[in-house]
Every structure is written in C-alpha cells, then in structure tokens.
Amino acid sequence: MTEHWYVNMPEWLKDAFNLIQGAEMLLSAAAIAVAMSGWLLRRMSQLRRGAPEERYRRWFVEEYRAYNPYLAAPETLRLERTLVPLFVTEDGQPDRAADAAERIADRAGHVVLLGDAGSGKTTTLKAFGIAALGGVDGRSGTGRDREVPFLVPVRLLRGVVQPGALTDYILAMLRSQKGLALTREEADQFLAQVLQQRRCVVLLDGLDEVTPTTYAAVRDEVYRFLSDHTPELPTANARIVITCRRLTFLRIADDWQAERFGAHRSYALAPLRDTEILAYLRAFPDRFPEVDGPQRFMQQLRSSGTLGLHRNPLVLSMSVGLYAGRRFPAIAHSTARLYDEMIDEMLGRHSFRADGLTTGVNEFDQADKLRVLREFALRAALGPQGFGPFSRLALVEFVSATGERLRQTLHGRAGEFVDEIINRSGLLSRVADGQYEFVHRSLQEHLVASELLRQGDDGLRLLRERVMEREWRRVVLFYTAVADQSVVTDFIGELAEIDPVLACACLAGADCLNPVGFAVLDRMAEPLRDPAPAVMLPALAAVLSATASPRAAIRDAAREQAFTWLTKVAGGADAADALGGTHETLLDVMTMLVERLGESSVSRSMVVRLVAVVPDDPRFVEPLWRCLRTAEGAAADDQSLVALVDRLLRLATDPACFAALQRQPAAHPRFATALLRQQVYPFRRGLDRQSNLVTLLCWAQEVGLAAPDINRFLAAKATDPARWASLEADWRHQSASAVVPVFRAQRVDRHRAERATGAMLAVLSVAALVAVGWDLARSRGVLSPVVGGAMVVLAAAELGLALTMLGFQPQGGMRRVRLWRPNEWVDAYEDPRSRHWLVPDAGDGRPAGGVTG
C-alpha cells in the first residue's frame, strides 16, 4: 500500500520526501555522535582526574604532609622528613610501649589516643593517615589491604545535634575540598565502598575541644555513627580513633566504655626521650650544620634546666625555630615566656627584603598585629564558638571596629591587614572556605591570658567568672605563670578553695608567696589518698607540676610530697593499680629527679629508692643510665650505686630494654680501661667492647656486683670463670661433630636350646670372619677379593642372626657425636635473657653500643 502510494507520487514530491528522510538520518547520526562525544569527554576527564580513591590519596598526602613547626624561617616542612615516631603506653599494660602510629594501625577495634597539650596527637593522626594511604610514594598497601582515613576535627562538626552530622561532614569534605572536589555521586560511592569493605577509619581529633554544651550531642552522634547498619552507608563498619587531652578524658571516661562505644584500646603518648629529641634535631641539618650541633643544643637545654619542658613536641619545635643556630641562646625558662618569644618571632617573619622586592616585606606594624590577635582571641573565646574556628569576615570586622586604637592608620585596608597575618605569620590556619583558627589551641589560650593580664582588674574579674570552666584551665595556667606576685598570690589562695588541684598545677609557673604554696600542697593530701584514678591521678600530676615551681621552697616541698607518696604506694605488687594502671607518673618523677641531680633536695639515693619499683619498660633505661653516668666519682661500696647497676643489668636482660641501653649516649668512666673491658667481655664475635652493656659490666666489676641469678651469662661468670671465658669458642665448636652409626643392644630372654644354638653359630661366624680376614691379608691367599668379600658379608649376617638367637635385639640409628668437651654454660646463647648479650645482631641490630654525645 505504502509502496503503491510512493510509486504514484509526483516526482517533485518524491524529491521532497527523500530529502526529509536524509535529514532525519543525518540528525540521528549527529545526535548519536554528540552523545558519544559527551560520554567520551566525561570518561576522559575522569581518567585524567583519576579514580576517586586515588584522587583522595593524593589530596590527603599533599594536604597533611606539609606543616609549619613554628620556625622563624618562612618555609614549611615535610612531615616525612622531620617526623619522630611518638611512643605510647597502653592503659593497664605498663610494660608495653610502641610507636603510636603502629598501635593505631592495628585494626583490632577503636582507639583512644591521650596526651597533654602539644604532645603530638594531631601530628600522629596525620602521620598515620599518610602511611595508611601508602605514604608519599603510594606503595604501602593497595586495594582492600589499605585503610582509608578521614580526619575530622571534632570542633568543626556543624549541626551536631542532628543525626548524621558526622557522615554529612565527611561527604561535604569530599565534595568541597580544593584539589579534590568529588561529585556528589563520586563522594557517595567512594564512602559507601570503603565502608562496605571495612576499610574506613575516622580520625576524630580533639574531643576535649568541644564545648560542654555540645559534648553530649557529639558523644551521641559517635554512638549513632557506630550503630548505623544502613546498606547504602553502613557506618557501623568504620573504625574510630579519638584524640583527647588525658586529664579531660579521665572525667568523661565512663561515657566511652565498651558497652556503648565498643571494644577499644586506650593509649597515652609518652614524653620525648633524649634519643627522640636528638632524632628530631638531626632532621634540621641546615640549622645544625656542625656534626655535634644537635648534641650541643641538647646540652644547652639541659644546662638551662628546661630539658623536661622540651620533652613536649610542641615546645621543642618552637625552641628549634627560636634558638637553633645561636651559639649561646638565652632559652626561655617557662612555657609562657617561650610562647611570647615564638609569637613575636612569627609575627616578624617576612620583615625582610627578599631579592630587593617590596612584596617580601610586611607592610603593617608588628605591635598592632599582636594587639589585634590578643583582643580578638579573648573576644572569640567569650563567644559561642569558644576556642573553635572563626570566620575571616569576623576578624576583618573586628579590625575595622578597633582600628582607631592601632598605631598605624589602615585607611580601609582592614582586609589586607588580616591577610598579612594569615599569609605571613603562620599563626592562623584555614579549616574551611573563609573559616580559620589558631594553628594550635594553646596559642589562643596564651593570647587570652595575655589580654586578661593587660586588662588588669577587669581581666582578673573575668577570669574568676570562668575559672571553673574546663576550656579555660590552660588560660588559668598561663595567667598565673606571668601575673605579678601581688596578684597571683591572692588569686591562687582563692582558687584553692574551689579547685585545689588546679591551684596546685598553677604553682608550676606562679611566683606566689611561700605560705600560700605550702597551703595548696597541704590540700593535696586528701585527693592523693583517693583510690579513684580520676581523682588521684590529676592530683598527683598537679603535685609533679609544682616540682618545677620558680620558688625553691615550694619546689622542694612539692618534690618531697610527690616522692613520699610514690615510695609509699608504689612499693608493692599493686603499684600499677595505685598509679591508675600505668607507670607514667613514676616515669615522670624519675625523669624529674634525674634532671635535677646535684640540687640540695635531690640526691642519687632518692632516685635509687624508686629503682625497686621500676618495671621492665625501655623508657626507664634512659633516666637510670643518665643517673649512672653522673656517678663516676661515687665510692665503689656506695649501696645506691650498687642498686642502680643491679637494676640496669636486670633491665638489660629484656631485649627491648637492651636495645634502649645500646642507643644511649656512650659512657667512658676512667676505671673502664681496655684491659677491664676485655676481662668482663672476652669475646671477639659478640658486642663491641665500647658498647654500653660492656661499660655496665665494668661498673658491676667495679662495685663488686655478681648477680648470678640475672641470666646464664652472669651465672657462668660467677660460678666458673674459665668455662665462661671459653663460651664463645665452645659455641662455635658445636659444628665440630660427626654423624656416626650407633647400635644399641636390647637383651631379650630366649629358650636354652636357642641360646646354645646361637652361641655355636656365633663362634663359627667369628672364626669364619677371622679366617677369611687372615686369608685376604695374605699376598697369596686362596680366596679372591670378590669371593672373600662375599664370605665376610655372609659371616657378618650369620653373626647377626646368632646374636639375635642369644637375645640381643639391636636398635640402630645415626647420632651426632661431639668431638669436643661439652660446656655446661653454652646454653647462654639460647637463653632469652642472655643471648642478646652474646650474639652481635641481637637487640637493636647494632653491635656497637651507644650514641656518642
């Protein structure tokens, strides 16, 4: 029908119809081509940008690998170049110490990471995240073997009272971060994938930084996040790592029990040890160009009496920026003074002409910038966000409103003034578009305290109103460390009535009158007796803080109180329970006593009285070794010296403690001559004779300490010196042995007739063997060698049968027969308490002992 219609159609109409059909086909082809091109363009764009997970890995590494460690130099540093692994101890397991990142990487449940201000909690999270994603080279772990971390500062959660705030924050971060910018579909699919594969780990940084009014909502949101099994986004599959200040967490620990939070482990960041401080200093070769530069800087810290202060990573990084490279630096003796110098240095950065360009010069007055930061820090702290983030616009408006008080007229350039602070000082960091915060919360706390001091009575009145708020605790500490004696004495006396623990902690820097300090310390007796760790540990920490008081009398009283308490409660088997399940406080007081050796109130005997309760923890090796190094002039029969050497020897039987001993600075006491070193360690293929263990053995010889019960090494030395000296040779000769066939005869009772027959056959067999052997030995024997050999085999077989008939049942086998006289002490090479003393690659893998310094 249609064909007939087409045939009868006029020619002009046929031409029009054909033209329309061709246009339709052309339009269809064009539409298909456009659609294919759009798909291809999108696909190529995705390929250029990479898969969401790979893009996220690149963004995370670039975002968090660079940091500014409060250096005077304008550049930032790379985390992988300067990172020193921070060590943690597990609550309830005082003998366990390991790298914090290693503990977090263990996927066995959630983790709570505790530490003081500036102890490195955030740095540890960033370092773990970079390592989990494959590091800077992206080679450590792929696919399902690699966890994907999401760093979430708790203070940045918005609308936290609404369910899903944590999930919404992660998704918003994936979509909005510059350099990442996943689409909504990509972000949802990426998060869903890592959750379903159980590779998601959420790093919640700064639980202590949420305000009391929002804390409960944050806690409940974490609970909800960990209980959501929605198939699309099963956040219950995620793992959580939370950081919090230690004392803050003690007050809220009941909220994070396994019943609600799930199975988790709590770790506390340990203070930096000498070796870790040196490792950090060595990461700056441009600032310490001399070979002994780091060691000399360490000695300057020790001479200034501030080494204990510098065991905090934040304080150490500030000091490196301020004092490294100076030959005789006037190192600040208090944290408050160090902050003042650091802030002044940071605001003065770029006050130079780089290559003669004016763009390298700060345009605005440094004093004006400091005044603005002080006043704005206080205003922000009093606002709804507290010590949290603030907007750039709010800071610009504040500068505009207060511009008349500044020394330099801005002429409408408040925005440029703020940008110079943001871009050139390094004191503020961006947390989101238009949102900033102080680069470390303690900076804002210090600035708030400085502004309160400047306001005089009004500032003191305001501080009294806020003194019981948890977020203002460190503000109080900063304030009392700087305030005049006439002000701080009355203030601490008032504070002791409402919070004696905080008042005692203030004694660390306050120049209050002695009677007030003594009264505050007396108030510590009651909380120190409280069996609850949440009460006792903060009290003990406050007393330990007071041992650094600038006033000698208060300092001595605090030391005596802390020392007396520790020696009373830490002398029994329940020492760990008395110390709240950890030995952190014991380590603190040991380190403090060693650092103040030689002062009138501190003697070696005070340290040694605590030696008996020191656990087998590698961190205790350092203070005890330092104490021993100062004891060279002590009498050989000094019992405190004997106890110190004995405890170090016992610690060294543990391989981890032995490794820590070998890493300590080498000691060269005068009595440890080359001859004595050879006598106490006569082995050639073991440790280097200059190692710290050999030096310790020299000390044991000097004080007459045998201690044979420690391990097989010392037992052999005390019992049989000659056999002990040949240990190495005998151990090496163990291979001088041969494998030979050994037959043992087992007698079995036989019948009389069988025994008689066997005896006759045995005599005939032996006679045959003798006759054949004699014939073969002759030069002209009757038997040929082949026939004679066959007869020997037959006679031997017959003899075997005869012996069996006599009741001998041979049991054969191959046995190793030693060709040397056994040494009963050679098992020292297998004893786990002594083998690392003998094998050169045991312990830390280094035969030579000690870091020179």
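Visitor: How many residues does the largest nonpolar core have?

Guide: The structure shown is a predicted model. Within the largest nonpolar core, the residues with the most contacts are Tyr56, Phe150, Leu174, Val202 and Trp256. Helix α26 (residues 533–546) supplies the largest share of this core, eight residues. The core as a whole has 165 residues.

Visitor: How many residues does the second, separate core have?

Guide: Phe620, Leu628, Leu676 and Leu727 are included in this second core, which is separate. Its size is 57 residues.

Visitor: Which residues does tyrosine 56 touch, not counting those up to four places away in sequence?

Guide: Tyr56 is among the residues with the most contacts inside the largest core. With sequence neighbours up to four places away set aside, its partners are Leu133, Val148, Pro149, Phe150, Met173, Leu174, Leu180 and Phe190.

Visitor: Are the residues of strand β6 buried or exposed?

Guide: Strand β6 spans residues 148–153. Val148, Phe150 and Val152 point one way, while Pro149, Leu151 and Pro153 point the other way. On both sides, these residues are all buried.

Visitor: Which residue in β7 stands opposite valine 152?

Guide: Strand β6 is joined by six bridges to strand β7 (residues 200–205), and the two run parallel. In this pairing, the residue of β7 opposite valine 152 is leucine 204.

Visitor: Why does cysteine 627 count as buried?

Guide: A residue is buried when its relative accessible area is under 20%. Cysteine 627 counts as buried because its relative accessibility is 0%.

Visitor: How many disulfides does a search of the whole structure find?

Guide: The search covers the whole structure. The number of disulfides found is zero.

How values were computed. Residues are numbered from 1 along each chain as its sequence is written. This is a predicted model: local features need pLDDT of at least 70, side-chain atom pairs count only at pLDDT 80 or more; totals for chains, interfaces and linings use all residues. Side-chain values use heavy atoms; hydrogens and water are left out. A nonpolar core is a set of buried Ala, Val, Leu, Ile, Met, Phe, Trp, Tyr and Cys residues joined through side-chain atoms within 4.5 Å. Buried means under 20% relative accessible area, exposed over 50%, partly exposed in between (1.4 Å probe, protein chains only). Helices (H or I, at least four residues) and strands (E, at least two) are DSSP runs, numbered from the N terminus. Contact means heavy atoms within 4.5 Å. A disulfide is a pair of cysteine sulfur atoms within 2.5 Å. Two strands pair if DSSP finds at least two bridges between them.
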